[in-house]
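Me: Hi! I have a new structure open and I'd like to get to know it step by step. Can you help me read it?

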Amino acid sequence: MGSGAAVIKGITRRDFLIGSSGALLLGCSEQAPRLPSGLLLGPDHSIGHKLRDGQFPVATREIHTPILIAGAGIAGLNCGWWLQRNGITDFQLLELELVAGGNTRSGQNAVSAFPWGAHYLPLPGTDAHYVRMLLADLGALQGDINALAPTYDERLLVQAPDERLFINGAWQEGLIPRVGIGASAKREIQQFEALMNEWGERKGADGRYVFTIPSAMGSADPAFLVLDKITFKDWLQQQNLRSDVLHWYVSYSLRDDFGAGQDRVSAWAGLHYFCCRRGQAANAESNSVLTSPQGNGWIVERLSKILQPQLKTGHTLVRIDAQFNSVSADVYDSATQEVIRIICEQLVWAAPLFVLPRVWPAMPHIIPPDYAPWLVANLTVNNIEEHEFTAWDSVIYQGQGLGYVDSTHQTLQFHRPQRVLTYYHTLSNLAPREARQQLLASSHETWTTQIFADLRKAHPHLEKQCSAIDLWRWPHAMAIPVPGFRSSLLSRQQTLHPRIQVAHSDLSGVSLFEEAQYWGVKAAQKIIAT
Amino acid sequence: MQFALLVSVFVIASCGLIYELVAGALSSYLLGDSITQFSTVIGTYLFAMGVGSWLSRHIHVRIAERFIIIEIMVGLLGGFSAAILFLCFAFAGEPFRIILYFLVSLIGILVGIEIPLVMRLLEKDLKLSELVSSVLSVDYLGALLVSVLFPLLLAPHLGFVRTSLLFGIFNIAVALWAVHLFKKTIVHHGRYRALGFFALLLLLAGFIGAEKLMRFSELKMYGDDIVYTQSTPYQRIVLTRWRDDFRLYLNGNLQFSSRDEYRYHESLVHPALATLPHARDVLVLGGGDGMAVRELLKYSHIERITLVDLDPQMTEMFKSDSVLSKLNNLSLQSPKVTVVNADALKWMEAQAQSYDAIVVDFPDPTNYALGKLYSVTFYQILRRHLRPQGLAVVQTTSPLYAPKSYWMVNNTARAAGFNTTGYHALVPTFGEWGFMLLSEKAYQQPTQIPVPTRFLNAAILPTLFVFPQDMQSDIQEINRLDNQALVRVFEQEWGAALR
């Protein structure tokens, strides 16, 4: 053995320590920042406002189609997918925006593709049968779709290291606080985890799981409806779970999925969040998720391709007139700026419920949910050292926002000096209406300053590294499942008209992929049955 | 006067302890084994202080002047101690310890002289009992303060080099203050002041230039003469030379020594290519130094070699530079060779071309980005580019130092559907090194090496495929993108191997 015995092809301890120790040996220095510029984006307001004010011209011509789907978000796309795989191709799928996807919209710049909204899909359990069928159709699930733990495309499984939390001045693996927290917080987190495991196994009198996803597959046992009468915060306190650390973790989790914390969210919804998932994979850990650089955008892209003959973007449904024999739908084409009347036998409303009364004045009364506004920012960051950004999802303990995902994490590229970081922020500290006003009134500079202030703790040099921040404002990003939301679902799930189906996650009161997909498929199934 | 001298004791005590802490921390940081480093550094230092105290009895006259001179010496030696130690470490490994203990002894002796001298300066004003009690209590108070400040504030924010320089400045400040206090009794107090300011200037310059100093020492760390350096967007390329030995470092990691690289590259290429007499198209991933290509070009039946390396400056250097291209026998200038500068996995994904042989010469999986190049996904994509009768060979770290890592690569390639055959060879500068052959059908060892070689021959070849017990592992895990198990295991194994 030669003198340079211990080498990692070949690094000696000397080189290794010095290579990584510059900061400790020298200390750090800081320089004054400047704010990067970027785009301030959001859903097309002009059409939204025109809709609200009823300012559309009269229809100039009339066409016929058997089935019309309004809205090409996850529900609408899946409604179309189900129709197509059952041999029905004579339908139209309308989308107001110029691209399909809804909340699952994604974008692309010179560095990477990135999400503008929904960014991952947890492994589906056996109750999420339609999700599994879809994933199999899209080539993401291989082999038996009914297996407890099917095999998934390795490229779509989130790569390690997946999650990290910045707490007490350092990064830890995983999002549940573990490092430097007190003994009582530790104990409460253990109690909470045990309690959630227990509730995850609980079944109703009908033998179904109380909490599963899609939630319509869960138990109908009314005994559990008491959970919908109180907030999750009250429920946690009833369990004697009061630790700030635990409450931060719960709040982070609920804001991430529902846009509001445990003080606003129903105990039923809170338990649903922590107990509904049982997905497993033959080739990954059971808490793994499916994701891609563009978040869930890969699903939208593949479905849009399949549905290309039927998909019409830039088309907005502006008026519905439902008759006994048919439905007449006025559709605004933003390219030609004309209104066309489409006469159809079946109409699927695959858009948020709060918009429906604006286009269909004669509709029966329903109770729409409260919606949480969101801000999504895509930060283009340069001169990245590999060890700085290792994880897919990075969260800052007690941060303002919900942290960020590294959109380049799923690429196979070895050298990634530039990244796009997708930062999520729900405006949960205000009532939804005020929050929406603040969201729309704040300037690009205000948001940018706020985002850097939030991330500075973990990334003191980010401002210098960031060359652009593009912002997307979602005024109605997701339904908030407030106490009592389960009982208002009955009004939403009623048959509004024999020829009009609603397909949207609003029918479940929670804005999750599996829910939207379930209602999309159900609407298609009802149409096929008629 | 009395108060001023007690303040000086406080500062001196803080400085003395800081140098001791920096030496202990720096040596355990650089050499590892912190218990040994701290114990021996503290022991040496305390003993030296004792020696210093004993020596102080020999100072009879002009105590103030002597005190100022010693103070300036402590300031300079202590102030630059971290920088000196760091530079020494960068220059050479072994003498570092000698210099470390020499420096610690010297500073200890000087600090040992200081306190008795101060006490003697004070003895005119105070009773013995009062004197001992005040000086010692202030001394210990200073020690407490810095021992708390050092780990919490100084080391993390200033770093070792700047911390010791800062306390050197404090020592000089005390010296200058003493000049001021005793200016009536010191004959040439102007000279002492000038000396003090000169020392202060040196330390300030050191403090400001600390960063440059680090960079300089980092360059010198390679030990041998540096004949070439180049910073590219991808890496820092450094070539050193000692007599006829050229060594290439990428980001400080040794890639080859020209003395024994033939062992590595012959072992990488010939076990595969000697069994592929019909190979026409060969792909090389990584290996921008052109050494693997040099070995491949020995087979005249190979018509096309595609070399994919991320860094254009690396391949350009080894193609055009007169010294470097001599090392690879001008291989990159061969008309058979096409150089592609691209991210290997991304490039392969976009390609449909298949090859008779693929040589994979990536760096070891030291981070998650490199871990991807050893994943099931990588081997699946690799398999799409390998012709059914073809062979791929992968450099796979050391099965001796990192047996679990080695065999995990084996498991992973199998999970991608490959047949695998492992072998290893001794490359003195690296140690016992591992390789893995990947194929569709079972691999048959060649009966001869049909091209000229310096290391491999038919007699030694079969022995490479024998793995002694200490290179075995029963690890079952597979390196997937979603677990990056290899990076974790690799870090554990090499962490234990690199002491």
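Me: To start, what percentage of the 530 residues in chain A is buried?
Reply: Buried residues make up 51% of chain A. A residue counts as buried if 20 or more other C-beta atoms lie within 10 Å of its own, as exposed if 12 or fewer do, and as partly exposed in between, with C-beta atoms placed from the backbone. This is a predicted model, where local features need pLDDT of at least 70, side-chain atom pairs count only at pLDDT 80 or more, and totals for chains, interfaces and linings use all residues. Residues are numbered from 1 along each chain as its sequence is written, while chains are lettered from A and ligands numbered from 1 in the order in which they are written.

Me: Thanks! And chain B, how much of that is buried?
Reply: For chain B, buried residues are 48% of the 499.

Me: What about chain B, compact or spread out?
Reply: Chain B holds 17 helices and 11 strands. Its radius of gyration is 31 Å, well over the 23 Å that the globule rule gives for 499 residues, so chain B is more spread out than a compact globule.

Me: Which domains does chain B have?
Reply: Chain B is divided into domain 1 (2–220) and domain 2 (259–497), with bounds from an automatic or database domain assignment. Their centres, taken over C-alpha atoms, are 53 Å apart.

Me: New topic: which residues of α5(A) are buried?
Reply: Those are A185(A), E188(A) and F192(A). They cover an arc of only 60° around the axis, which puts them on the same side of α5(A); the arc is that of the directions from the helix axis to the C-beta atoms.

Me: And what is on the face turned away from that buried side?
Reply: That face of α5(A) carries exposed residues, including R187(A), Q190(A) and E198(A).

Me: What covers the buried residues, then?
Reply: The cover of the buried residues of α5(A) includes α7 (244–258) of chain A.

Me: Which residues have the most contacts inside the largest nonpolar core?
Reply: They are L68(A), I69(A), A70(A), C79(A) and L347(A), in a core of 145 residues. Strand β20 (residues 466–480) of chain A gives the most to this core, with nine residues. A nonpolar core is a set of buried Ala, Val, Leu, Ile, Met, Phe, Trp, Tyr and Cys residues joined through C-beta atoms within 7 Å.

Me: One last thing: where is the cis peptide bond with P161(A)?
Reply: It joins A160(A) and P161(A), with omega about -5°. P161(A) sits in the loop between β8 (151–152) and β9 (163–167) of chain A. Another cis peptide bond joins I213(A) and P214(A), with omega about 0°.

Key. Helices (H or I, at least four residues) and strands (E, at least two) are DSSP runs, numbered from the N terminus. Two residues are in contact if their C-beta atoms, placed from the backbone, lie within 7 Å. The radius of gyration is taken over C-alpha atoms; the globule rule is 2.2 Å times the number of residues to the power 0.38.
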